[in-house]
Amino acid sequence: MRTVLLLLSSVLLLAGCGGDSASYMVDGNREHSLSLFRDKPWPWSNWELNLVVTREPDCMRRHRLKDANGDGNFKVELYKTDTGAYILRQGKKWYVAETGKCQFQQFKETPPEPGELLGTFEDKGEGMKFTASEAKPKAAAAEPAVAAAEAPAAR
C-alpha cells in the first residue's frame, strides 16, 4: 500500500511537467526554420524557452531565451526585417536571430521598428502553435497578381 501511495504521489507531482514546440519554416522549407521549444521540468517552475535556428546543411543552433511564467499566458511574436533577420518579442524582451550564421542575441533596448509581423508562437489551451499573421506582405498587397506570379520563380 505504501508503494502504491508513493507511486501515485510521484505521478501527481510530475503531472504539471511537460514540453512542446512549434516551428516557422522560412518559405515553407523545413531545412530553413526557426523553432521554439518550451519545457516545464517541474509543476511549480516557469517555462524554459529555447529557439533553434536552422539552415541546413550549414547550421543548426539552439539559443536560450528568458523563462516564461507558467500561468498559461504564453506568446512570442515573430517579425522579419528588410535585411532578412528575424526579431522575436517575448513580453518586454526583444531578440534578433539571423539564419545565415545561426546567430542570436537579446536587444538591450526595444528596436525602433521590428519589421513585418510573420506570426505568433502561442498557447491557446491546446499546446504551443505558430499562427501566421493575417497581414499581407507589402509587395503582395500592392500588386497581388505580380507577386503571385513571381513567387514560384524565386525558389
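**Fold and nonpolar cores of the predicted model**

Along its sequence, the protein chain runs α-β-β-β-β-β-β-β-β-β-β-α-α. It holds three helices and 10 strands; helices are DSSP runs of H or I with at least four residues, strands are runs of E with at least two, and both are numbered from the N terminus. The model is predicted, so local features need pLDDT of at least 70, side-chain atom pairs count only at pLDDT 80 or more, and totals for chains, interfaces and linings use all residues. Residues are numbered from 1 along each chain as its sequence is written, and side-chain values use heavy atoms, without hydrogens or water.

Of the 155 residues, 32% are buried (under 20% relative accessible area; exposed is over 50%, partly exposed in between; 1.4 Å probe, protein chains only).

The largest nonpolar core has 25 residues. A nonpolar core is a set of buried Ala, Val, Leu, Ile, Met, Phe, Trp, Tyr and Cys residues joined through side-chain atoms within 4.5 Å. Tyr24, Leu51, Leu78 and Phe121 have the most contacts inside this core. Strands that each supply at least two of its residues include β1 (18-25), β3 (48-55) and β9 (116-123). A second, separate core has five residues, among them Tyr79, Ala85, Trp94 and Val96.

Beyond four places in sequence, Leu51 contacts residues including Leu34, Leu36, Leu65, Leu88 and Phe104 (contact: heavy atoms within 4.5 Å).

Gln106 lies in strand β8 (residues 103-106). Gln106 counts as partly exposed because its relative accessibility is 34%. Leaving out residues up to four places away, Gln106 touches Lys66, Lys93, Trp94 and Tyr95.
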